[in-house]
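Colleague: I have a model open and would like to learn how to read a few of its features. Could we go through them one at a time?

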Amino acid sequence: MNQPAFADALHPIMWPEGFQAAASFTFDVDAESCTIAHDPSSTQRMSLMSHQSYGPKIAVPRLLQILDRQDIQGTFFIPGFTAESYPDVVRRIADAGHEIAHHGYLHEPMQGIDAATEASYLDRGLEALANVAGIRPVGYRAPWWELNWQSPALLADRGFLYDSSLLDGDAPYRMAVAEDDPRDIVEIPVDWALDDWEQYGFYPGVTGSGVIESPAKALEMWTLEAEAHHSQGSCFVLTNHPFISGRPSRAVALERLIERVKGLDGMWVTTLAEIARHTKDTIREVHSHARIDIPLFPGAGATFRPAEIKVPTGAPTGAPTGAPALR
């Protein structure tokens with residue numbers, strides 16, 4: 001890529017010595033949970049259940065072989081129900097040294113739920129991962145990337161280091177958990193263009209348009225994205241679903257992508273937990289998010305509370321305020 005990309009100026013970051021950008025390969029091991037949460041009657045569809053179970057049964061072992069051959073660690077977001085249903089698979093992921101992170105209990109619909117309900121999903125998922133693999137995860141990804149305004153504080157209450165559900169940046173940043181709350185967690189943004197669901201996901205009556213893209217097209221698009229993130233010194237995060245990207249030709253394309261990303265000079269390929277720890281240790285600014293309140297629509301007007309950036313007392317000094325991204 002000859003033309004350098006412009007960096008995310010709102011979220012400047014300096015990477016560890018020797019690195020100019022970061023990349024992480026993440027896997028949402030939804031299995032049957034996402035279809036059950038969407039429609040509980042889907043459990044009566046034998047073929048649909050087999051489509052989802054392909055993930056933990058066939059794809060995860062294949063993906064683990066790829067990651068081992070490429071000598072990298074990934075981050076696996078696992079719903080609690082998946083962990084309880086396939087405990088040996090989850091333990092195999094953990095034993096291989098990969099990060100296991102939280103992805104709800106049953107991949108529950110998140111939009112508009114109250115704090116007590118959301119807390120129950122978090123706690124049940126935590127309990128399942130602890131019982132199956134003895135793990136207390138530090139990372140969270142909301143089902144369908146649907147974070148609520150109360151979510152960051154609920155995560156901080158439970159000791160989470162980071163979330164990876166929002167879409168407002170190219171690089172990780174520290175996020176205030178609530179107004180007038182001094183705590184913060186790290187946000188590692190995602191992007192629908194870097195989700196395999198949009199390229200390959202299809203099941204009749206469940207999801208997708210019926211247009212399943214070629215792995216060659218996905219490989220080309222994701223390579224361009226990785227090169228741009230590398231050029232601008234930001235953070236490339238690819239989201240894969242094993243029942244989708246673990247199919248034969250897609251898995252081959254994924255390994256080719258990993259080889260290309262690893263081949264970018266100064267690219268730090270690691271887990272989201274490591275990226276989050278580095279962000280927490282070196283970034284001073286803490287960002288809030290703009291809020292729009294519309295008490296009655298239409299006709300009553302709206303209020304806009306702008307986002308803020310604050311530097312708390314005792315913030316790390318490794319990356320000074322306004323430091324440019326490393327190029």
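Modeller: Start with a loop. This is a predicted model, and Asp71 sits in its loop between H2 and strand S2 (75-78). Phi of Asp71 is near 60 degrees, which is a positive value in a residue other than glycine.

Colleague: Is Asp71 buried or exposed?

Modeller: Asp71 has a relative accessible area of 71%, so it counts as exposed, the cut-off being over 50%.

Colleague: And what is the phi of Trp145?

Modeller: Trp145 also is not a glycine, and its phi is positive, about 55 degrees. The residue belongs to the loop between strand S4 (139-140) and helix H6 (151-157). Trp145 is buried, with a relative accessible area of 7%.

Colleague: How do I read a pair of helices?

Modeller: Two packed helices are described by the distance between their axes and the angle between those axes. Here, helix H2 (residues 46-70) and helix H4 (residues 87-95) have axes that come within 11 Å and cross at roughly 10 degrees. Angles under 35 degrees count as roughly parallel, so H2 is roughly parallel to H4.

Colleague: Which residues make the contact?

Modeller: H2 contributes Pro56, Val60, Pro61 and Leu64, and H4 contributes Val89, Arg92 and Ile93. Of these residues, six are nonpolar, none is polar and one is charged.

Colleague: What about the nonpolar core?

Modeller: In soluble globular proteins, nonpolar side chains tend to be buried together. The largest nonpolar core in this model has 42 residues, and Phe25, Ile78, Phe236, Leu257 and Val261 have the most contacts inside it. A separate second core has 20 residues, among them Ile13, Phe77, Val186 and Ala273.

How values were computed: Residues numbered from 1 in each chain as written. Predicted model: local features only at pLDDT ≥ 70, side-chain atom pairs only at ≥ 80, totals over all residues. Heavy atoms only, no water. Axes fitted to C-alpha atoms, helices over the stretch in contact; angles between N-to-C directions. Helix = DSSP H or I, 4+ residues; strand = E, 2+ residues; numbered from the N terminus. Parallel < 35°, antiparallel > 145°, perpendicular 65-115°, else oblique. Contact = heavy atoms within 4.5 Å. Nonpolar A, V, L, I, M, F, W, Y, C, P; charged D, E, K, R; others polar. Core = buried A, V, L, I, M, F, W, Y, C linked by side-chain atoms within 4.5 Å. Buried < 20%, exposed > 50% of the residue type's maximum accessible area, 1.4 Å probe, protein only.
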